[in-house]
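Open the model in your viewer and keep the selection tool at hand. This tour moves from one selection to the next.

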Amino acid sequence: MTWIAVTLLAFALGVVAQARLRSPVANPTLIATLAVAAVLLALRIPYDTYLRDVTPLQNVLGPAVVALAVPLYRLRSLLARQWRALVIGGLAGTLAGVAVDAGLAHALNLSDDAQRSLLTAPATSPVALQLAGLTGAPPALAATLAVLSGLLGALILPPVLSALGVRHPLARGIALGAVSHGIGTARAREEGELTGAASSIGMGLAALTVTVVVAVLSRG
C-alpha cells in the first residue's frame, strides 16, 4: 500500500501544480510519473516491486478507460454523421504514428527490444501489454513506452495543432486520441466534450489498428 499512497500523492501534487500554473507542461500524469520514478531511483526500489504494490490501481485502469467513452453516447448522433472523417483520420493518424516510431527506432539503431516495444506505443498501455506476447517485447518496456508516447503526445500535439491552424474540435480530438490514447483523451476533454469524444474514438481506432498491424507482422 505504500507505493499506492506515493503514487496518489504524486498525482495530487500534479493536479495542484496544473491548477496553479495553468501550463500544458504541468500535466498531472507527467508530474506523477517523474516524481515516482525519482523516488524509485533514489531508494533503489526495483520496478517489479513497485508494480506488484500498485496492482489494485492497475485493476481500476480498465473501468477508467471505459468511462472515457461516456461522451460518445451523449454525442452519438453528431459523431455518427461524421463517421467517415473520424475513421479515416483515426486510421491515418495511428498508421503515421506507427511508421514514425518504427522508422525512428531503426534510424537511431535502438535495441531490438526497444524497436519491438515502440511498435505498440500508439496503443494504450493495457493493449501494449497484451501485444507484447506477440511482438516479443518486454512487457514492462512496452507499457512504459506507451505511457511516454501518451505523455509526449498530450504535451506537444495541442500547441502543434494550434500552430498549424487546426481548430475544429473533431480534428483535434481524433489526432490526440490516435497518437496519445488515454492521456491524450484526458487532455482533449479539457478542450471540450466534443474534442474528448473524438479523442475516445481515436484511442479505440488506435488500439484496433495497432493490434491488426502486429497480428499481420507476427504472421509474416
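How many residues apart are Asp113 and Arg116 in helix H9? This is a predicted model, and this pair is the opening stop.

**Stop 1: helix H9.** Select residues 112–118, the span of helix H9. Asp113 and Arg116 sit 3 residues apart there, so about one helical turn separates them. Show their side chains. They form a salt bridge, with the closest N and O atoms 2.8 Å apart. Side chains of opposite charge can pair when their charged atoms come close. Now check the surface. Asp113 is partly exposed, at a relative accessible area of 30%. Arg116 is partly exposed too, also at 30%.

**Stop 2: the charged residues of helix H12.** Select helix H12, residues 169–191. Go to Arg187. Its side chain meets that of Glu190 in a salt bridge, 4.0 Å from N to O. Glu190 and Arg187 lie 3 residues apart in helix H12, about one turn. Arg187 also forms a salt bridge with Glu191, where the closest N and O atoms are 3.4 Å apart. Arg187 and Glu191 are 4 residues apart in the helix, again about one turn. Salt bridges with shared partners link Arg172, Arg187, Glu190 and Glu191 into one network.

Is Arg187 buried or exposed? Arg187 is buried, at 16% relative accessible area, because the cut-off for buried is under 20%. Glu191, at 32%, counts as partly exposed.

**Stop 3: the nonpolar core.** Select Leu75, Leu79, Leu86, Leu170, Ile174, Ala197, Ala198, Ile201 and Leu205. These 9 residues make up the largest nonpolar core. Helices H12 and H13 each give two or more residues to this core. H13, residues 193–219, gives the most, with 4.

Centre the view on Ile174. Which residues does Ile174 contact, leaving aside its neighbours within four places in sequence? They are Leu86, Gly89, Gly90, Ala198, Ser199, Ile201 and Gly202.

**Stop 4: the annotated spans.** Take residues 83–108 on their own. This span is 96% helix and 0% strand, and its end C-alpha atoms lie 37 Å apart. Finish with residues 194–217. Here the span is 100% helix and 0% strand, with 34 Å between the end C-alpha atoms.

How values were computed:
Residues are numbered from 1 along each chain as its sequence is written. This is a predicted model: local features need pLDDT of at least 70, side-chain atom pairs count only at pLDDT 80 or more; totals for chains, interfaces and linings use all residues. Side-chain values use heavy atoms; hydrogens and water are left out. A nonpolar core is a set of buried Ala, Val, Leu, Ile, Met, Phe, Trp, Tyr and Cys residues joined through side-chain atoms within 4.5 Å. Buried means under 20% relative accessible area, exposed over 50%, partly exposed in between (1.4 Å probe, protein chains only). Contact means heavy atoms within 4.5 Å.
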